[in-house]
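Please examine the predicted model below.

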Amino acid sequence: MKTRLNYVWGYALAVLFCACGNTNDTGKSADTNVASQQGLNPDIERKVDSLLSLMTLEEKIGQMNQYTGFWEVTGPTPSEGNQALKYEHLKKGWVGSMLNVTGAKEVTALQKIAVEETRLGIPLIIGFDVVHGYKTVSPIPLGEAASWDLEAIQRSAEVAAKEAAASGINWTFAPMVDISRDARWGRVMEGAGEDPFLGSKIATARVQGFQGNDLSSNSTIAACAKHFAAYGFPESGKDYNTADLGTSTLYNVVLPPFKAANDAGARTFMNSFNELNGIPATGDSFLQRQILKGDWNFNGFVVSDWGSIGEMIAHGYAKDGKVAAKIAANAGSDMDMESHLYVEHLSQLVKDGAVKEAYIDDATRRILRVKYELGLFEDPYKYSNETNEANVVGSTEIQEAVLDMAKKSIVLLKNEKQLLPLQKEGLNIAVIGALANDKTSPLGNWRLGAKNGTAVSLLEGLQAYEGNTITYVQGPNFVENDIAFSRQLEFNTSKKGLEEAVSAAKNADVVLMALGEHAMQTGEGRSQANIEMDPLQQELLEAVYNANSNVVLVLSNGRPLAINWANENIPAILETWHLGTQSGNAIAQVLYGDYNPSGKLPMTFPRSVGQVPIYYNHKSSGRPNEPSPGEVFWSHYTDESNTPLYPFGYGLSYTSFEYNNLQVSNIGKNRATISVTVTNTGAYSGKEVVQLYIQDIFASVTRPVKELKGFEMVPLESGASKTVTFSLTEKELGFYDNQGKYIVEPGGFKVFVGGSSTTDLESKFTIN
Ligand code: NOJ
C-alpha cells in the first residue's frame, strides 16, 4: 500500500508541477507553443517535464535500461547470475522497459513491481517481437509484401497489435524496413524485399496498422522501425556483418523506408548491429542525431539492438563497456537493450562530464513521452486484462484477417499443362513432402508468441475439399522439425521414404510436392551460402517427376531460391512462403481456384548464388550490352546469364492481362501523368498489380535502369478493361544527390508500365 501511495504521490506532484508552469503573455506555457509547433501534445509534454524534474539521475538512466524477461530470450543467453540483479533494479526504478514478457497475468505481475514498489511508480513499456503476428500468425513479412496489397498489410498489422495488446504487450519491434538485395541473408524473410518505393509504402501501412489513430487505445501498440541503418546490406550476406555503402545508396535505397516510417509517426526506432562505413550504427551520431532526430525531427525514442552497445567493443570501436556506453548515449541511442552498460556506467559518465546530462534528459523525455502516449500513466494495467485476452487472442476476426493476408501473399510462378487450378472432383492427388504435414513450419521464423503445431497444414487445407482422393506420403524428411529459436537446424540425409513417394506419384493424376525451406532456415543468424533446395529434396523432386510429370511444386521458403531445375522441368510452381496460422487453408483455396493468385515477387529470384546481389533497379554500367556475339568486353558473366530466374514484380494469375494505350500527358515542371489500359483477356476474374517504372536517363548522379514509382491493384472480370492513371510529381521524379539533398533535374525520362519489372511497354517524356 505504501508503495502504491508513492506512485500516486509522484504522479500528483507531477500534475501539480505542470499546472504551475511558466506562462507567456498569450496565457499558454512557453513549452506549449514549442510542443505544438513540433506536433507534440502540449499536455503530455508538460507532464513529462514535471515528472522529469522529480527524477534522480539514476532514475532517469533507469528509464533508458531495458531487460529481457527471465524465461525467454531472443539474443545470446544472459548469464544466470544477473536475474536477481534485474529484480533488484526493477524495484529501484532502474528499469524502463522489459522485453520477452507476455501474457496479461505475467505482465501485470511485473508492472505491479514498477508501479507499486518504485519511488515514482513509472510504468514499464513492454516490448516484444510481434513481427508477423503474435499468437495468430500472418505470413512472413516478405510474403505479405508479395501481396502488394497495402490495405491487407495494414489490417494484418492491426490485428497483430490487437492480439498482442490483449496479452500485455504495448510495443512491437516491427516493422523491419531493411531493404535487402541479398538472398543469402537470412533476414530477408522479415522485410519487404529489395525496393525502396514498395518498402516505403509497406513501412507506412505497417506503422499505421500497429499504431492506428490513437496510441492510447487498448488495441494499438507502438511500432519500431528497424534496424537503423543498412543492416540489410551485410557483406557476403552474413548476418551482423559489415555494411559499406556510398551516400547514393544510403539516401536513395536504405533510408527511404525509415523516413516513411517516421513520417507515418513510428514512435520508436531500433538501431542495428552492423557497422556502416566504419562506425557501428549504435554509436553513430550521424545516423541517429543528425539524420533521424535532426533532419527528420523524430521525437520518439531509439532502442539499441540486443547487446549492440556492448558489441561496439568487438567491433573494435570502444575499448570497454564504459566507453561503449558513452559513445552510444552521445550518439543518440536512448535505450539499452540487454547490454546492461547504461545502468552500470552512465551515472558516473555524467558525473565525469563525459556524457551531458541534457542527453540523459532528452532520452528520458522521449521514453516517458511514448509511455504517456500509450496511456500507461493513466492505467498501467490497461493492456493486461485477462478477460479481454481470452476474448481477443485467436478470435475469428484475427483468423479471418490472417487468412485473407495469406491468400493474397501467394505468387504463381509457373503454370503449364493447365495443372492449376485443380478440378474439385474425381482426381487422385498424391501429396508428398514433410512440409505438407507440418503444423509448425508455416508459422515462420518470428513466431515467438505462437504455439508450435498451431498452423493449418497444407494437408489439412486440402482435406477440407472432399471431392478428390488424397494420398499423403511424407518421403524423406530433410530436417528435424522442432527447433528452438536460437539453435541451428540439422539436415537429414536419410533417403527413407523415397521409394514410397515415387510409387504414390505413379498412381496419381496430379502430384503436389511441398518442398522448400523449413521456417528456421531463414531469420536472424540464419544466412546461407547456398540458396538452392537442399540435395535431399532436390533428389526427391527429380525422382517423383520422373515417375509422373504432372507435378505442382508448392514452395515454402523465406528467401528467394535458385530453383533452376524446377523452373525448367516442373510444370506448375506456387510460391507460398511461410504463410502463418491459416497457411493450409490459403494454399488450398488458391490450388482449387477459389482465390485467383495475385501476388508479385517483392525480391528478385536469382539463377545462381553467384549473381547475388541481383536486383531490378541496378545501374547500367558503361558496358551494359554485348557489342557483338561472343565478345567478352561487356558487363556479364561468362558462365551465367545476366537475367534473373524470376524478376522483381513478377507473378502469374489463372487469367491473363494485356496492356495497351500507354499515354503520357500533362507534362510540366516536375510533373507528368501516365495512363494505360489493362484488360483481363483470360477466362477467370482476377486482380492485377499494375506497375509503373521510370528511368531518369541522364542525371548528375547516375540513376537506376528502372525504378518503381507507382502501382495499383486492379480487380477485373474476364473480358473487362480499366484505364489506370498515375501522377508523377517531384516526389517520384527526383533523387538524393551525394550530399543527401533531394533534387529534381530537368531532362528526359523513360516510363514503363506492366505486370512486372521486365515489362517492355514503354514511352518517354521530358521535363524542363
Ligand atoms: C535482435 C534482433 O536483431 C531484433 O530485430 C529484435 O527485435 C531483438 N533481437 C529483440 O528480440
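Q: Why are helices H11 and H13 called roughly parallel?
A: The axes of H11 (residues 285-295) and H13 (residues 321-331) make an angle of about 20° and lie 8 Å apart. Angles under 35 degrees count as roughly parallel, and H11 and H13 are therefore roughly parallel to each other.

Q: Which residues make the contact between H11 and H13?
A: Ser-285, Gln-288 and Arg-289 contribute from H11, and Ala-329, Asn-330 and Ala-331 from H13. By class, the H11 contact with H13 comprises two nonpolar, three polar and one charged residues.

Q: What makes the arrangement of H13 and H14 roughly perpendicular?
A: The axes of H13 and helix H14 (residues 341-351) cross at roughly 80° and come within 9 Å. The range counted as roughly perpendicular is 65 to 115 degrees; H13 and H14 are therefore roughly perpendicular to each other.

Q: Which residues of H13 and H14 meet?
A: From H13 the contact involves Gly-321, Lys-322, Ala-324, Ala-325, Lys-326, Ala-328 and Ala-329, and from H14 it involves Leu-341, Tyr-342, His-345, Leu-346, Gln-348 and Leu-349. The residues of this contact of H13 with H14 divide into eight nonpolar, three polar and two charged.

Q: How do you know that both faces of strand E6 are covered?
A: In E6 (residues 268-271), Thr-268 and Met-270 point to one side and Phe-269 and Asn-271 to the other, and all of these are buried.

Q: What are the partners of E6, and in which sense does E6 run with each?
A: Strand E5 (residues 224-228) is joined to E6 by three bridges, and the two run parallel. Phe-228 stands opposite Asn-271 in E6. Three bridges also join E6 to strand E9 (residues 301-303), again in parallel, with Thr-268 opposite Phe-301 in E9.

Q: Which elements make the β-α-β unit, and what is its handedness?
A: E5, helix H10 (residues 247-263) and E6 form the unit, which is right-handed.

Q: Why do strands E17 and E21 count as edges of their sheet?
A: The open sheet has three strands in the order E17-E18-E21, with antiparallel pairing. E17 (657-668) and E21 (721-728) each have a single partner strand, so one side of each is left without a neighbour in the sheet. Strand E18 (residues 671-680) pairs with E21 over eight bridges, and Thr-673 stands opposite Ser-727 in E21.

Q: What makes Ser-167 buried or exposed?
A: Ser-167 has a relative accessible area of 1%. Buried means under 20%, so Ser-167 is buried. This residue lies in the loop between helix H8 (150-165) and strand E4 (171-172). Ser-167 touches several residues beyond four places away in sequence, including Thr-102, Tyr-134, Tyr-383 and Glu-389.

Q: Is Glu-490 buried or exposed, and how do you know?
A: The relative accessible area of Glu-490 is 55%. Exposed means over 50%, so Glu-490 is exposed. Glu-490 lies in the loop between strand E13 (469-473) and helix H19 (498-506), and touches Phe-478, Val-479 and Glu-480, not counting residues up to four places away in sequence.

How values were computed: Residues are numbered from 1 along each chain as its sequence is written. This is a predicted model: local features need pLDDT of at least 70, side-chain atom pairs count only at pLDDT 80 or more; totals for chains, interfaces and linings use all residues. Side-chain values use heavy atoms; hydrogens and water are left out. Axes are lines fitted to C-alpha atoms, for helices over the stretch in contact, and angles run from 0 to 180 degrees between N-to-C directions. Helices (H or I, at least four residues) and strands (E, at least two) are DSSP runs, numbered from the N terminus. Angles under 35 degrees count as roughly parallel, over 145 as roughly antiparallel, 65 to 115 as roughly perpendicular and the rest as oblique. Contact means heavy atoms within 4.5 Å. Ala, Val, Leu, Ile, Met, Phe, Trp, Tyr, Cys and Pro count as nonpolar, Asp, Glu, Lys and Arg as charged, and the others, Gly among them, as polar. Buried means under 20% relative accessible area, exposed over 50%, partly exposed in between (1.4 Å probe, protein chains only). Two strands pair if DSSP finds at least two bridges between them. A crossover is right-handed if, with the strands pointing away from the viewer, the path from the first strand over the helix to the second runs clockwise.
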